[in-house]
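This report describes a few local features of one structure. Please keep the sequence and the 3D view at hand while reading.

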Amino acid sequence: MKILEVRNLDVYRGDKKILEDVSFSLNRGEVLGILGPNGGGKSTLVQTITRAIPFNKGVVWIHKGERLGYVPQFATFDLQFPITVEEVILSGSAHFSKRKRIAAGDDSKAKDLMKQFQLLDVADHPISDLSGGQTQRVLICRALMGEPTILLMDEPTASIDFQTKDQIIRQLKDKDPELSIVLVSHDLNVINQTVDSILCVNFHADFHAGNRLESDQLKKVYGCPIEVVLHGEIPHRILDSHLKKEEDKP
Amino acid sequence: MIFSYQFVQRALIATLFAGIISGVLGTLITEKKKIMMTSGVAHASFGGIGLGYLLGIDPMLPALGVAGLVVMVMKQMEEKLSSHSDTVMGMLWALGMALGMIFVGLRPGYPPDMTSYLFGDILTISERDLLFMVIVSVGFLMIYSFRFEQWKIVLFDEEHAKLQGLMVDRYKTVFYLSIAVAVIAMIKVVGIILTLAILTTPPMTAKLFTKRLLPRMILATIFAWITIFLGFFLSFLIDVPSGAMIIFVSVLVYFLMAGGKKMEKVLAIRK
């Protein structure tokens, strides 16, 4: 059953067009991986779905009654702000804005999540004390507090190694097979191992059912032949044809 | 005994409420890195003070208007220009000062003494100034304690707060206007030039001791009380300007505490 559909989406930031004519859909229980080079518009696409960024043309349709959960990149907020792990997680409760603080049962729900994601020991610690991987897990817990049916995860370039990420996705799916996940990743390994379909985003978007991408499809997105998408300074590993070009230079 | 003078008593009451303003709002200003903006607003408000003189009304009223206007312009600029907004702040900062000088110059007759606005004088605080400080600090306590959890989330992660359905823009408007009001309330205590220091130094000192928001606000308030009182008392004893002495003491306390913390760490490693 289709629960999320994006059709012919155009998004501008200021005067600059970030995305053009993007279309894809997501069914219940599916995992969609979003891949593409840095600056290609992956995060913008996810933030358009959460309505954090307005779009200029097209349709973003979400099935009635679905609840969105959003795990942002670190860069969007202040990691030095004096707030504790437990406070951050509790702020994800669906009751948070309506009531003074939270509803009955939220405390135990937060405790369960912290236990599941090995955060109980740091519950009282300020968020600035945590490692990158721990912070990522706090943000996942915060998103899960709202009992989402669609989880949007926008991954930082370097936080958890890919096995842990893979493990988290599996853990989430084991607990709730109905949960749909949209995963922005810089890591082809994760994408290949856990997703049902792939969306390659670089200004335009190509939708691929299945979790195999042929090398010429990747070439189209990244603009050169690639094998593995790595973290950090080097956004991707290049294959020999790219190198030859370098050698041609005098 | 100096405490029997009425102006000394007023100064002490001012200390009490200035401490609360520094502890509550100063902590948020340093956490949200609005230091440059706070200083800019304080300086730009000089334009309002000059206008007050020219029109022959209480200069703090137009100063408050100017400060409010500047923070709202800055809020717009930050949303639209982001990285260039501090250039705009620099211009408004200078423009406000310049207009202040022009307005004062336009006033016929002998130019008034502006030093109490530039450097503050806790001993000349009027009853009206005091009432303003009381209203501001009680107002801050109510606004920021009533929805403390929501404030924390808005200040920590705007995007998430929006997703949770909080009116982020309203919270931000209140926060920015709070900065304007806090600055104006502090001008009589330490003056335009030093307002920034009294709003940021006690919270920075408190930051050395705790990583949690509420304890930091309480500790910052206590540090502000101690330093304003000590500075005021010393200035009285050795007859120097009180605003300058208050800032000198508060910065000195910061460095002593920071140094002490550092020593503590070094000694702990040696053990």
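## A strand residue, an interface and a helix

Phe207(A) sits in strand S9 of chain A, which covers residues 204-209. The model is a predicted one. Phe207(A) has 15 C-beta neighbours inside 10 Å, and it therefore counts as partly exposed; a buried residue would need 20 or more. Leaving aside residues up to four places away in sequence, Phe207(A) touches Phe24(A), Ser197(A) and Leu199(A).

On the chain A side, 18 residues are in contact with 18 residues of chain B. The table sorts the chain A side by class.

| Class, chain A side | Number |
|---|---|
| Nonpolar | 9 residues |
| Polar | 6 residues |

In chain B, helix H11 runs over residues 195-207 and has 13 residues. From its first C-alpha to its last, helix H11 of chain B reaches 19 Å, close to the 18 Å expected at 1.5 Å a residue.

Is H11(B) largely enclosed or largely open? Because 12 of its 13 residues are buried, H11(B) is largely enclosed by the rest of the structure. Among the buried residues are Thr195(B), Leu196(B), Pro202(B), Pro203(B) and Ala206(B). The cover over the buried residues of H11(B) includes helices H1 (6-31), H2 (35-44), H10 (168-190), H12 (213-238) and H13 (242-270) of chain B.

Notes:
Residues are numbered from 1 along each chain as its sequence is written. Chains are lettered from A and ligands numbered from 1 in the order in which they are written. This is a predicted model: local features need pLDDT of at least 70, side-chain atom pairs count only at pLDDT 80 or more; totals for chains, interfaces and linings use all residues. Helices (H or I, at least four residues) and strands (E, at least two) are DSSP runs, numbered from the N terminus. The expected span of a helix is 1.5 Å times one less than its number of residues. Two residues are in contact if their C-beta atoms, placed from the backbone, lie within 7 Å. Ala, Val, Leu, Ile, Met, Phe, Trp, Tyr, Cys and Pro count as nonpolar, Asp, Glu, Lys and Arg as charged, and the others, Gly among them, as polar.
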